[in-house]
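Colleague: Could you walk me through this model, starting with the packing inside? I would like the cut-offs along the way.

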Amino acid sequence: MSPRPGGETDKFGNRYEGAWTVRHLLYVLLGSAQSIKVEDIDDLGKGAEFTYRHGSTVEVHQVKRQNGNANSWSVHSLQKKDIWANARHHVEKGRHFYFVSMVPVRDVQELTERARSADTLAEFISDRLTQGLQEPFNKLSSSEIYGSTETAWNVLRGIWIICIDENEIVRMNAVLSELLLNGAGGRTAAAALGELVNSSLGSTLDVAGIESRLGQYQLRRSTLLVGAAISGTVQEITMAWSASVERELLRPAIKRSEAQEIVDLVDVGSDKLTLLMGTAGGGKSATLHQAMEIFRGRDTPILSFRLDRLEPFTSTTELGNRIGLDVSPVAALAAVAEERPSVLIVDQVDAVSLMSGRMPRNFDAVADLVREASAFPNMRVVLACRKFDVENDHRIRELVDERRCARVQVQELSENQVNGAVSALGLDVERLNTHQRNLLRSPLNLVLLRGIASDPQALAFQTTNNLFDAFRQRKLTECVERRNGVRFNEVISTVAEAISARQRLSVPVTVLDQANLSVDASVLVSEHLLVQDGKEIAFFHEALFDYSFARGWTGRNESLVDFLTSGEQELFRRAQVRQILSHLRDLEPDRFVEEVGAALVCADVRFHIKDVVLTLLSALPDPTRNEWDMVVDVLDIRPSFEERLWRSLRTAPWFACLDADGIIDEWLSGSTEEQARAVEIMGSAAKTNPDRLAELLLPHRTNADFPSWLQWVIRFADVYESRPLFDLLLNAVSEGKYSGQAEAELWYSTHGLAQHQPVWAVELLAAYLVDRPNAMALESSGKVAALLGREHSAIELVRHGAEGAPETFCTLMLPYMLRVMEIAAYEDDELPKHDRHFTHRYPGLRARNTILLQRPGWP
């Protein structure tokens, strides 16, 4: 068959076009469509790479890899390629026209989506056509392209724009090929399909037509889609994950609204990726478990697994091998789901974060897994990860970018949920103090409390470590009752040390062989202190490992610096250092100070470890004078991380510590550097202790830097919560300290003032408009300059102030308005007098000068 000009001769010389064509050939094999025909003839082939049929819909696809060297397409550049004529030709015949490219067509893509969302042209123009889209729509409606707005709207409704990277198409083709074909690896099979397409130009390729040609390339259709074995394996993996979560669950379970939120987001389907995040021990896995139960109740195909107890993996296929599959988890779930909506749940994603240091090198395979799932239109992915890791690992942050990922945050348990859970354990809720209630807002702490609920001193705890101590002692007692002479401590120590040495949260059960501890370990497994999955053993929760290792480490005659410098200081050590120091602070506060100081000044301790120490210092709930003295010693050597250390002190507890010893007050009267440090730290207490900040600042009102100090503090404060702080602000405004660039800062910093304290808001307006120097200054047009601003926050403050305190507003503002009318009056003898501000008013105008007169009952 001789090639048609401009068609077969160069068809697959363009890799991008070929890859996109192969993608749809694979969709036919998957069962998503009836057929594909490349280089269709006559009417159907006009400007189209291929015709794709599914159901009663006919799609034609035109593919342009790029637009020369330009980084986008425009209406004009598409016109030069005859795209608009091709689109009209097919849309008017009832077909869907797809334009596919690597470079975006942003305006046109938005126009097509908005056109489809409007039922009529009138609705589109009045409700959907924004100012920014007016120009490209006008070009489409011009005589050069469609000649009318109605034709342009109708054609846009039948156009779909897809912007997709070539590498992503190739990667997804490999995934689909691995799922659907046997005889070669995914990439090789996809390349062979390209040859198959190239040799079948002009032929209709349905499933039978494709299968009949596969043998030429030593390929055959996989039996995965029709086999029941993979379905059973997927179900077993999900049930194993479910069992691992159930071991950690409270009974009775606390219903989490976040579970239904996940389900609702998956159902909506606008985001193919959903992130569940929360604190360590905050109930992420329990929430996922509840969501999974909802999906299972609807017979939704689902595959769930956790990453924290797996051997390292470098690819999605290897990840599949680790959980018991022969293929990527995405491929396996797609095989089970076929065309039905499906959900892939990946728990404990923080195991591959840089912050946890457990398996950071495995992150790329997890990211590839998410990309693979995007090849399946009906597959949704749910990831669970600690919020700390999302915020501090740039790779995870990019993967779950809010623009393409829905987010659900697991909240702390409410007071009612805590009370209900504690009562269900048979304990007296009334005996709990506020601090204990706050600790129990963590589900993990409630699980620990459940383990000791029968103890007379169950409610004597004051810290999380207290709960772990009591939980450990209780489990020791129960293990001894089960098997007298059980080597409890030896098993705990052996498993913890093996995990530390191997830097994985689960280890082979063979680590117990050397001391013949297998039988003893089985007792701890029976008591749910340890879990055994096949040939691996682990603690029932990562936090229990951290606690157990830290407890064992504190009994050694070894310093933290020696422990760290004896090895490579891998990222895995970060979590251990955090737990060791937390444990020491509870049990040996003096040693805590010593170990922290030594780690920070030691040149051999790597910075990523010091960063953990600094983060821990920043999170201290009640820093002590001894800890401050240690910080001073570190600062004295001027370390390279000096500024990072200072930032760690910008917290309300550190302010309280330094203020209690008079240090903040002393710094405010000290050198310029000390003053700056004091003000930076004061900002952290703006919400928690604003009255005290006002007290500290008041004696320094005459300092030349006082305005900048006040502006910094006010920026972080809810100024309506503190009259002393507000009075400082009021005086500063009256004295003209908020001028120039600071004016915008003033209105931004007082956001919400009028809603909470409308009288104060009116006082502030009077200070700004009446009392401050040059408040009545005129600009060149003869108008009062202060009334020409258009800051939204200022306008809202006027409106809410007038509505909330009308009497005060009239008392302070009416004389001002009369004065404005007088000085801004036009110079003529006609009556009534006209002025430059209030004479000309228009309905709906929301500028500040109009709002001044908006009072109920006024004409």
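Colleague: Which residues does L764 touch, not counting residues up to four places away in sequence?

Modeller: Happy to start there; this is a predicted model, in which local features need pLDDT of at least 70, side-chain atom pairs count only at pLDDT 80 or more, and totals for chains, interfaces and linings use all residues. Residues are numbered from 1 along each chain as its sequence is written, and side-chain values use heavy atoms, with hydrogens and water left out. Contact here means heavy atoms within 4.5 Å. On that basis, L764 touches F726, L729, L730, V733, L746, W747, T750, L753 and L797.

Colleague: Which residues have the most contacts inside the largest nonpolar core?

Modeller: A nonpolar core is a set of buried Ala, Val, Leu, Ile, Met, Phe, Trp, Tyr and Cys residues joined through side-chain atoms within 4.5 Å. Buried means under 20% relative accessible area, exposed over 50%, and partly exposed in between, with a 1.4 Å probe and protein chains only. The largest core has 150 residues, and those with the most contacts inside it are L449, I664 and L764.

Colleague: Which helix gives the most to this core?

Modeller: Helices (H or I, at least four residues) and strands (E, at least two) are DSSP runs, numbered from the N terminus. With 9 residues, the top contributor to this core is helix α40, residues 758-771.

Colleague: How many residues are in the second, separate core?

Modeller: Its members include I169, V170, A331 and F363. The size of this second core is 82 residues.

Colleague: Is E49 buried or exposed?

Modeller: E49 sits in the loop between β1 (35-38) and β2 (50-54). Its side chain reaches the backbone nitrogen of V63 at 2.5 Å, a polar contact being a pair of N or O atoms within 3.5 Å; within protein, one must be able to donate a hydrogen and the other to accept it, and residues adjacent in sequence count only if both atoms are side-chain atoms. Because its relative accessible area is 12%, E49 is buried.

Colleague: How far apart in space are A656 and A824, C-alpha to C-alpha?

Modeller: A656 lies in helix α32, residues 652-660, and counts as partly exposed at 42% relative accessibility. In sequence, A656 and A824 are 168 residues apart. In space, their C-alpha separation is 51 Å.

Colleague: What share of the residues in the protein is buried?

Modeller: The protein has 43 helices and 16 strands. Of its 859 residues, the buried share is 53%.
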